[in-house]
Amino acid sequence: MNDLIATYYFKPKSGVTPEFAAQAISEEQTTGTWTDISTVNEKTAYVHAFDGEVLEVVPSGEGFETKLRYSYEIFEPGNIPQYLSVIAGNLFGLGKLESVRLLDIDIPKGLDGTGPKFGIEGVRKLTGTETTRRPHVGTIIKPKVGLTPKDTAAVAYQAAIGGVDLIKDDETLTDQKLCPRMERLEMVMEALDKAKDETGRQVLYALNVTTGGDRILEAASSAVRMGANMLMVDVLTAGFSAVQCLASDPSITVPIHVHRTMHGALTRNPVHGIAMRPIAKLVRVCGGDQLHTGTVSGKMGGKAAEILGDNAVLTRPAGNLLPVFPVASGGLHPGKVHAEITTLGNEIVLQAGGGIHGHPDGTAAGARAMRQAVDAALLGVSAEEYAKTHIELRKALEKWGSA
């Protein structure tokens, strides 16, 4: 079967059978409408070949889960916005449903895109960690907005000499007058070149090129020409097509870091909206090399089983698609590293903003503390024990604790 299968959780309104509700979703998203129509008759009965099909309806919690089959032919290959109009369209407003949540999608060959250009292995090769296989440590420029390009570069330099693998803009920093994108890029890359001369390590800088669809490729291409070694896109605010546009263009020769800002509006309600799983699969399809999927211990921590499942759809074999580097971000600090690694494994980027820049001795010390926490976890030593001989980690634990 070469059709797309979508899994939903739903709660029908009082008096509506679960079978009727599931059929209503299937019809609304394919060939159906609310009344009999004259355009479907004996001559046009062929349209029923494109009806959605309810494969199963099973009880789940206070509601039900259903699997629906959508015919391959109703999709335009490569058009992810159109995919979403089918699998996540008007169904959320159906009057027969109290709530409905898209849980998962199985994307058939032919609709699965070309995927990332770099993936985990490509990013590891750029940073020199393909042999050690240790988790990457990243940081976010903080405060989110407000710093000048010069001061942004100074923060980046401190983080780089401290040992991070990745520095990224925050989701709200793009091309404001207070910190113009290209001026910021030039100064940050100069700072990273200086750090590389001193440490021998290549650090990636994910420059946020999120902008309108008519300008994003130009912005990204210009950044690459000026020396950018990674780009960042806010996928839900810019759209999946923004990532797809960059990943498929030959001028974009650097990895794409994907931020999921705004995802909570879709993912947070456990009985309504869209789960992270379909978002993760679509990011892999459209070519993201890294994607934020959440933490098990941070300020926006999620359920471990869900995050493990989301990370698995990014990293497990999926045809010709390269694996995507999952990113754990949001309230992380050195004391939380052990929980993240023991739960999520080594194929992870541990992204700390305040947990690095808030270190009592500054950004470089904060970066060293994160790296020391990673080393401790890989050695099977508690952070507290390792901190006895590593002052940066000790001071971090004294400030934030180890949980």
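## Report on the predicted fold, cores and charged side chains

The protein contains 16 helices and 13 strands, where helices (H or I, at least four residues) and strands (E, at least two) are DSSP runs numbered from the N terminus. The radius of gyration is 23 Å, close to the 22 Å that the globule rule gives for 403 residues, so the protein is as compact as a globular protein of that length. This radius is taken over C-alpha atoms, and the rule is 2.2 Å times the number of residues to the power 0.38. The model is predicted: local features need pLDDT of at least 70 and side-chain atom pairs count only at pLDDT 80 or more, while totals for chains, interfaces and linings use all residues. Residues are numbered from 1 along each chain as its sequence is written, and side-chain values use heavy atoms, with hydrogens and water left out.

Along the principal axes, the C-alpha atoms fill a box of roughly 75 × 45 × 40 Å. Buried residues account for 52% of the 403 residues; buried denotes under 20% relative accessible area, exposed over 50%, and partly exposed in between (1.4 Å probe, protein chains only). Of the contacts (heavy atoms within 4.5 Å) between residues at least 6 apart in sequence, 75% join residues at least 24 apart.

**Nonpolar cores.** A nonpolar core is a set of buried Ala, Val, Leu, Ile, Met, Phe, Trp, Tyr and Cys residues joined through side-chain atoms within 4.5 Å. The largest has 96 residues, of which Tyr8, Tyr70, Ile87, Ile167 and Leu231 touch the most other members. Helix α10 (residues 276-286) gives the most to this core, with seven residues. A second, separate core of eleven residues includes Ile120, Met230, Met232 and Val327.

**Salt bridges.** The whole structure holds 20 salt bridges, each a side-chain nitrogen of Lys or Arg within 4 Å of a carboxyl oxygen of Asp or Glu. Three of these pairs are tabulated.

| Pair | N to O distance |
|---|---|
| Glu121 and Arg133 | 2.7 Å |
| Asp165 and Arg134 | 2.7 Å |
| Arg368 and Glu392 | 3.2 Å |

Arg368 in helix α14 (residues 363-379) and Glu392 in helix α16 (residues 391-400) are 24 residues apart, and their pair links distant parts of the chain. Arg368 is partly exposed, at 31% relative accessible area, whereas Glu392 is buried, at 16%. Salt bridges that share partners join Glu121, Arg124, Arg133 and Glu347 into one network. Within the Asp165 and Arg134 pair, Asp165 is buried at 1% relative accessibility, and Arg134 is buried at 10%.

**Buried charges without a salt bridge.** Lys and Arg count as positive and Asp and Glu as negative; His and the chain ends are not counted. Arg101, in strand β4 (residues 97-106), is buried yet has no salt bridge, and Glu306, the nearest side chain of opposite charge, is 5.1 Å away. A polar atom of the Arg101 side chain lies 3.0 Å from the backbone oxygen of Thr267, and one lies 2.6 Å from the backbone oxygen of Asn269.

Asp289, in the loop between α10 and β11 (290-292), is likewise buried without a salt bridge; Lys117, the nearest side chain of opposite charge, is 8.2 Å away. Polar atoms of the Asp289 side chain lie 2.9 Å from the backbone nitrogen of Phe118 and 2.7 Å from that of Ile256.

Technical notes:
Polar contact = N/O pair within 3.5 Å; in protein donor to acceptor, adjacent residues only side chain to side chain.
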